[in-house]
Amino acid sequence: MTQTNDEKVSRLLQQGLELYGTGDVAQAFMLWNEALELDPGNEEALDYIRDADRRTKPRGENPEAPTASLVEDARRLVHAANAEAALELLTSAPIGAPAGECLESEAMIELLRAKLFRDYQASLGHLDRIPSVSGTAGDLQGRNLPPSAGFLLSMVDGLTPLADLISVSGMDRFEAMRSIHRMHEAGILEWDQ
Amino acid sequence: MSRVIGIDLGTTNSCVSVVENGQSTVIPNSGGYKTTPSMFGISQDGKRLVGHLAKRQAITNARNTIFAAKRLIGRRFDDPEVQKSIDLCPYEIVRGPNEDPRIKVGGKTFTCPEISGIILREMKRVAEEYLSETVQEAVITVPAYFNDTQRQCTKDAGKIAGLEVLRIINEPTAAALSYGMNRQGDEKIAVYDLGGGTFDISILEMSDGVIEVLATSGNTFLGGEDFDRRIVQHLVEWFEESEGMDLRGDTMALQRLKDASEKAKCDLSMRDVVEINLPFIASDSEGPRHLNYELTRENLENLVHDVVEGTLKSVEQCCVDAGVQAQDIDQIVLVGGQTRMPLVQKRVTEHFGKRPHKGVNPDEVVGLGAAVQAAALLDADNDMLLLDVTPLSLGIGTYGGHFARLIDRNTTVPVSKGHIFTTTRDDQSAVKIRVLQGESDMANENDLLGEFVLSGIRPAPKGEPEVEVSFDIDANGIVSVSARDLATGKEQSITVSSTGTLSDSEIDEIIEEHDLYEVQIKD
């Protein structure tokens, strides 16, 4: 396999994981199969397909617990510096794994939340900053935001600091920070640095 | 000399004013708003929120957001008004140790004066920020129908806020003052007050500087929020029809709908049509859904027509109680933001056959009047004579369950009156004085303001001892009662403090606790 092919396969595997983490399983399968076409017998791609296939089957057909490999998948994502996707993967997983494995998954979720919380804090900076919405309502409607983000946006009035927005949103503090961080990254929310 | 502020402590919103260079001015808060929601809440992360911030979580964190505590202040837990609040309010109202209603939020139980105290403290802070000086004294307004206990509790709330309450005045009186009506000749004034959560109509008679409340009526559970609710309901139904999604169980969506409805309602007082745009109000497998709706003034009027008509029924009742015809009214004053609605103004004009006064912002008119009164109290040269009257008759419970009236309703305050009573049994050594307020001849149909025992009466046949009971009502309408055995000179007296009022030590404890909290948040 050439150097370029190697990079391509690696990229396809990574993109597949990210998609899988966000719940887009079909698209993830497509990318991993594409990786196999470029590198037939690639162990990593086969592993991903096997694990994902097991988890997507109904529970009755799948007596084995899915969580262990899910945690492994999440670890891979963390190694690939994609903690967000790892958390998505773990929190969107089906329930029903044996207690020990569930605990491992839950512990990892907590670790990831703590890590990401610190990342969001660092990215948002002082929470006494006052955010404003960039663009018009029309611009916004073309985007794909969840209702919780819409709710946070509705509270942005050019007077209320981030700390108060988070407090009164009634949302879990982590979720509120994540939503604000994402909207800031996407250029929807802005504030003076 | 520090300035005295006037505070309209409203059920839904509060407003603080001051007289500067002879002009009364409303003081805006740091957000630029001239009124502040009378709301207190504790956020999910334990932060104490007052005013606009508390309002923002009113639906998403409803159990921990207190509004309309004024409906509860100074009432007994068993009062029908309190029971109705228990049915309608999302926060928890519990029975207090003095049979008073208390509110449980964020794991802590608050008394009603404490909640009002928190709102007043916020208004004090707003004033101090604006004036750049410490404020220690205030005039606070209350509804004309507030009894002694409710007035006393409001005064306690002021103390909790760190304010000396120089005067408690009636809201309709304050509204009339802000128009300078006390300087005009004898006339009858109707004050139509449609606030956020309550509707009050009062008929006042102005004569020689004495403002007498001839009658007051209304509905303590009707206000601008009913208008908002109708719009929300309409939007939810429309969204369900057009998008097939039910938003009723979605608190985030409902909070946005409530905020947008209130704004649309206000805008429709100046425009014929408004657009309500709520992007990302919901989502499903097909992606985000937006709510985009055009609401016209006509739509709104159809939605709330019956609510407006309901207020006019109270107006009719009030005129009957006051013994006047609608056409006898010389002036009409509108109070409360909801009276900006053209439909309200139109129907009031039609009802009285004359146009209401305009010129003073209806949200601010009561607060401005309180500031006028505050300035007059400070100015020795001010010749303004403002005398309120007692809203209800005062007396004591007597043998056979009767009510002996010592001071009649509508007596100008301050006032002192006494009467001699005697014993009902031979060798009776003590008498229990039950202080009551109300209009019924039967004691148990009136409000019990307080009770105390005068003991050590000299043994004598029944009917012989003479006990002089004296009532004093100060300018705030607050009652003191004393009883004296004329033979022995033995005397007992109380400043009436019954159910719902706090003892001095309780107030001090609350002040200390709130001071500690202030220090905590500064850290």
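Visitor: How many bridges join β2(B) to strand β3 of chain B?
Guide: Strands here are DSSP runs (E, at least two residues; helices are H or I, at least four), numbered from the N terminus. Two strands pair if DSSP finds at least two bridges between them. One facing couple is Val19(B) and Ser24(B), the latter in β3(B). Strand β3 covers residues 23-26 and runs antiparallel to β2(B), and the bridges joining them number four.

Visitor: What kind of model am I looking at?
Guide: Residues are numbered from 1 along each chain as its sequence is written, while chains are lettered from A and ligands numbered from 1 in the order in which they are written. Side-chain values use heavy atoms, with hydrogens and water left out; local features need pLDDT of at least 70, side-chain atom pairs count only at pLDDT 80 or more, and totals for chains, interfaces and linings use all residues in what is a predicted model.

Visitor: Which residue takes a positive phi in the hairpin of β2(B) and β3(B)?
Guide: This hairpin has two residues between its strands. The positive phi, near 50 degrees, belongs to Asn21(B).

Visitor: What is the bridge partner of Ile7(B) in β2(B)?
Guide: Strand β1 (residues 4-9) and strand β2 (residues 13-20) of chain B pair in the antiparallel sense over four bridges. A hairpin of three residues links β1(B) to β2(B). Across from Ile7(B), the bridge partner in β2(B) is Val16(B).

Visitor: And which residue of β4(B) is the bridge partner of Asn13(B)?
Guide: β2(B) is also joined by two bridges to strand β4 (residues 36-37) of chain B, and they run antiparallel. In β4(B), Asn13(B) has as its bridge partner Pro37(B).

Visitor: Is Leu116(A) buried or exposed?
Guide: Leu116(A) is found in helix α6 (residues 99-124) of chain A. Setting aside neighbours within four places in sequence, Leu116(A) is in contact (heavy atoms within 4.5 Å) with Ala83(A), Glu84(A), Leu87(A) and Phe174(A). Buried means under 20% relative accessible area, exposed over 50%, and partly exposed in between, with a 1.4 Å probe and protein chains only. Because its relative accessibility is 3%, Leu116(A) counts as buried.

Visitor: About how much area do chain B and chain A bury between them?
Guide: The contact takes 22 residues from chain B and 24 residues from chain A. Buried area is the accessible area (1.4 Å probe) that two parts lose on being put together, summed over both. Carbon and sulfur atoms carry 60% of it, and the total is about 1900 Å².

Visitor: Which residue forms a salt bridge with Arg56(B)?
Guide: A salt bridge is a side-chain nitrogen of Lys or Arg within 4 Å of a carboxyl oxygen of Asp or Glu. Across the interface of chain B and chain A there are three by this rule. In one of them, the closest N and O atoms are 2.7 Å apart, and Arg56(B) is joined to Asp157(A).
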